[in-house]
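Dear colleague,

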Amino acid sequence: MRLHRNLVYAVIDGLQLIFNENKYADKVVEQLLKRDKRWGARDRGFIAETTYDIVRWKRLYAEIAEVKEPFSRENLWRIFAVWAVLKGIRLPDWPQLEGTPARRIKGHFDELSKIRKYRESIPDWLDLLGEKELGEAVWTKELHALNQQASVIIRVNTLKTNKKALQAALKEEAIETLSIKGYPEALELKERANIFKTNAFSDGLFEVQDASSQLVASFLGAEPGMRIADACAGAGGKSLHLAAKMENKGQIIALDIYGNKLKELKRRARRNGAHNIETRPIDSTKVIKKLHNSMDRVLIDAPCSGLGVLKRNPDAKWKLQPEFIENIKKTQQDILNDYSKMVKPGGKMVYATCSVLPSENQDQVALFLNSENGKDFKLIKDKKVLASTSGFDGFYMALLEKVS
Ligand SMILES: C[S@@+](CC[C@H](N)C(=O)[O-])C[C@H]1O[C@@H](n2cnc3c(N)ncnc32)[C@H](O)[C@@H]1O
């Protein structure tokens, strides 16, 4: 691979914003890619993948480069040089890369690779937390899996098409896909591509949705004609799947505390041809009260640490704080307590997170079942999806039934 100056400058600028100014990697990359209209798919791929790679391996690379935060521009170049040397890329004779000690870098890498927190590039506190919650053997495997780049998975929108027809439509647009065993509506892209630019996407034939998250709608047992509340709907990834499972029959009430996310959900619903979703921002306790005891199904896709989706969001390793996880656990318990009241007697509820920590998952369910409101519920089953065993995102879901 030959390095191109403009592209590398873009990466360095991006890292400056992400590491030193605490900006979100996805937003930064989106902006960087708008910088030069002449950049083709390869150039854009280089910028996005290199930036994400360096974000993912920040601790390891910084240690090898012997630099500390906040990084100066010179530090960022040293980190970049580590990335390039470890990738086996021949360094051009640019002044910023002069005197890069390639052998020393490789030696350092071999030494640090013996220590998990460096090898897997993770803050001490998070490494300790993962080990405490999952045990050493499982955490070591899981962390390794969470550091692999995620493949692009889409969900066929069965309101508009079927898997075969979608595969053919995407092939027409030079995008090849593979079915995934055990995930009936999922397709995996053979190669990364900007699928948002395809006609198939504009026509609402699919949504990008990880395979693990595609398990939720069936787990909830969504069926045509039901009344379902999606209590933490966000921009609606799962509401849209529920609408497809329900064949647009019945009602979905999509709730969230952020109205702007629900606006995006509405846009997506129009594109998907999903007509049975009503959005309601939770701007007072009355919104939930009005729905007490009225829902066949309630989905709580709770806010969480996001530790199960580090593959797609490596930035979270550096942005997460221990206090955030403690606070979010309180929110999860409040949400379970308040929103479970929407389930009607005999109805069911799924509590789900994209975390792999038992303290956000099964422990929360156990705590709820022991609470005053939880006494009306029984646990039917739960599913702990690890990235290391599934190959997709880490995820948790528990199905509970309101017995009285
Ligand atoms: C895991 S995300 C939801 C993702 C979404 N269900 C999807 O499939 O695309 C969690 C959502 O919970 C919302 N949220 C946070 N606190 C909440 C609360 N107290 N009540 C309802 N929603 C909340 C967040 O705004 C966020 O959209």
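This is a predicted model: local features need pLDDT of at least 70, side-chain atom pairs count only at pLDDT 80 or more; totals for chains, interfaces and linings use all residues.

The UniProt record, an unreviewed entry, places a domain called "SAM-dependent MTase RsmB/NOP-type" at residues 142-403. That span is 33% helix and 26% strand, and its end C-alpha atoms lie 36 Å apart.

Around the ligand there are 17 residues, of which the closest are C232, G234, G237, K238 and D301. Sorted by class, this shell holds nine nonpolar, four polar and four charged residues, and helix 13 (237-245) and helix 17 (322-339) each contribute at least two residues to it.

The sheet is open and has seven strands in the order 7-6-5-8-9-11-10, with mixed pairing. Its edges are strand 7 (277-281) and strand 10 (377-385), each of which pairs on one side only, while the twist from one strand to the next averages 15°. Strand 9 (residues 343-353) and strand 11 (residues 395-402) run antiparallel and are joined by six bridges; T353, for instance, has Y396 of strand 11 as its bridge partner.

Finally, helix 4 (residues 58-65) packs against helix 5 (residues 73-86) at an angle of about 105°, with the axes 9 Å apart, and the two helices are therefore roughly perpendicular to each other. Y61, A62, I64 and A65 of helix 4 meet R78, I79, V82 and W83 of helix 5, a contact with seven nonpolar, no polar and one charged residues.

Terms used: Residues are numbered from 1 along each chain as its sequence is written. UniProt positions are given in the numbering used here, feature names are shortened, and annotations may be inferred rather than shown by experiment. Helices (H or I, at least four residues) and strands (E, at least two) are DSSP runs, numbered from the N terminus. A residue is near a molecule or strand if its C-beta atom, placed from the backbone, lies within 6 Å of it. Ala, Val, Leu, Ile, Met, Phe, Trp, Tyr, Cys and Pro count as nonpolar, Asp, Glu, Lys and Arg as charged, and the others, Gly among them, as polar. Axes are lines fitted to C-alpha atoms, for helices over the stretch in contact, and angles run from 0 to 180 degrees between N-to-C directions. Angles under 35 degrees count as roughly parallel, over 145 as roughly antiparallel, 65 to 115 as roughly perpendicular and the rest as oblique. Two residues are in contact if their C-beta atoms, placed from the backbone, lie within 7 Å. Two strands pair if DSSP finds at least two bridges between them.
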